[in-house]
2 protein chains.
Amino acid sequence: MKIYDTKTAPTPRRVRIFLAEKGIEMEYVQVDIEKGENLSKHMRAKNPIGKVPILELDDGTCISESDAICTYFEALQPAPYLFGETALEKGQVMMWQRQVEFCLFMQIGMCFQHSTGYFKDRMTPVPEYGKEAGINAVKFLKVLERRLEQSEYIAGDKYSIADITAFCSIDFARVVDIKLGDEHPQLTRWYQQMRNRPSAKA
Amino acid sequence: MKIYDTKTAPTPRRVRIFLAEKGIEMEYVQVDIEKGENLSKHMRAKNPIGKVPILELDDGTCISESDAICTYFEALQPAPYLFGETALEKGQVMMWQRQVEFCLFMQIGMCFQHSTGYFKDRMTPVPEYGKEAGINAVKFLKVLERRLEQSEYIAGDKYSIADITAFCSIDFARVVDIKLGDEHPQLTRWYQQMRNRPSAKA
């Protein structure tokens, strides 16, 4: 099996970190999204919406969407549990995963796409919306700061996929000049923990 | 336990249909989001981002985010499997669930929020972005139409949470005048199947 990956993009990085945490080795095939290689007929046969990452199994079956690829490997090899172990943990991890994704990761992504015009050959940037998305992301950092006053990791007392999504969001946010500051002591503490994990290099 | 719900909104409906399919009875407490009841201090203590649905367990623990609530009940009572049974099914269901959610459900939601100004007391609508979101939703209906040429349900040969998300998306899309038409024979066939399920009334 192999994963079609883009080393510089934040979404595929979530999968690389997840697999590193699981100790699963993988073959990565680089796709140049800036040049639009992901939009080729060849790649659209693997994922009709033309995005990476894509996991291709040995029989040619493809699974796209970072969360779906992680879900597949969590089911194949549950430990260490990154989506939670009990029903309650699974619900709580998914709750934080979704909130981090919608209120931070995607807002930063939309801010980047709509304010820089990086993909203007394939979408219509609306700079006013990009600005709003950036404001939304900064607001959600306050929610995370309060959360991390109560718990070591985002979803509770165990490291989870929600930490991976938040870490990749905050690292990528530098491209739109959103950074942790003095008003984020807990996030800064947590961010250092994330950066010290060997998986951060994935 | 109980769920804070808004009968007219598309997101909580996904949970109601999911629980109806599982045969799980639930107490629903109505929250008037138009009046902003979801933004009260009382509700923000249950979900800091002020959204419904929220599941409240008997000990006061809260799980928000529709997918997270469904994840919790899938873990408590796996059958009938609505997130897939095998690792491959789980990955494929999650892939379609995510694509339907990002490329259809959220685009319709953004189109509604940004073009109608329904929530202008609590966000800044960007009508130009609302228009783009509507265009994105219509484009994704083509992807689903092609998909349903190959399979009975969206994620394969079994009904899943991806069908619930798509069904709620398409029903809600009427508010922004996006409807299935003659160019969608497979989607129309599938939509009738969805509407005939008893859960559609949930």
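Me: Among contacts in chain A between residues at least 6 apart in sequence, what percentage join residues at least 24 apart?

Reply: The model is a predicted one. A contact here requires C-beta atoms, placed from the backbone, to lie within 7 Å. Of the contacts in chain A between residues at least 6 apart in sequence, the share joining residues at least 24 apart is 62%.

Me: In what order do the elements of chain A run from the N terminus?

Reply: Chain A contains seven helices and four strands. Read from the N terminus on, their order is β-α-β-α-β-β-α-α-α-α-α.

Me: What is the radius of gyration of chain A?

Reply: The C-alpha trace of chain A spans about 50 × 45 × 25 Å along its principal axes. For 202 residues the globule rule gives 17 Å, and chain A comes close to this, so it is as compact as a globular protein of that length. Its radius of gyration is 17 Å.

Me: What percentage of the 202 residues in chain A is buried?

Reply: A residue is buried if 20 or more other C-beta atoms lie within 10 Å of its own. In chain A, the buried share of the 202 residues is 49%.

Me: Which residue of chain B has the C-alpha nearest the axis?

Reply: Chain B is superposed on chain A by a rotation of 180 degrees, with 0.0 Å of shift along the axis and an RMSD of 0.0 Å. That is the relation of a two-fold axis. At 3.2 Å from this axis, the nearest C-alpha in chain B is that of Tyr129(B).

Note on methods:
Residues numbered from 1 in each chain as written. Chains lettered and ligands numbered in written order. Predicted model: local features only at pLDDT ≥ 70, side-chain atom pairs only at ≥ 80, totals over all residues. Helix = DSSP H or I, 4+ residues; strand = E, 2+ residues; numbered from the N terminus. Rg over C-alpha atoms; globule rule 2.2 N^0.38 Å. Buried ≥ 20, exposed ≤ 12 C-beta atoms within 10 Å, placed from the backbone. Contact = placed C-beta atoms within 7 Å. Least-squares fit on C-alpha atoms with pLDDT ≥ 70 in both.
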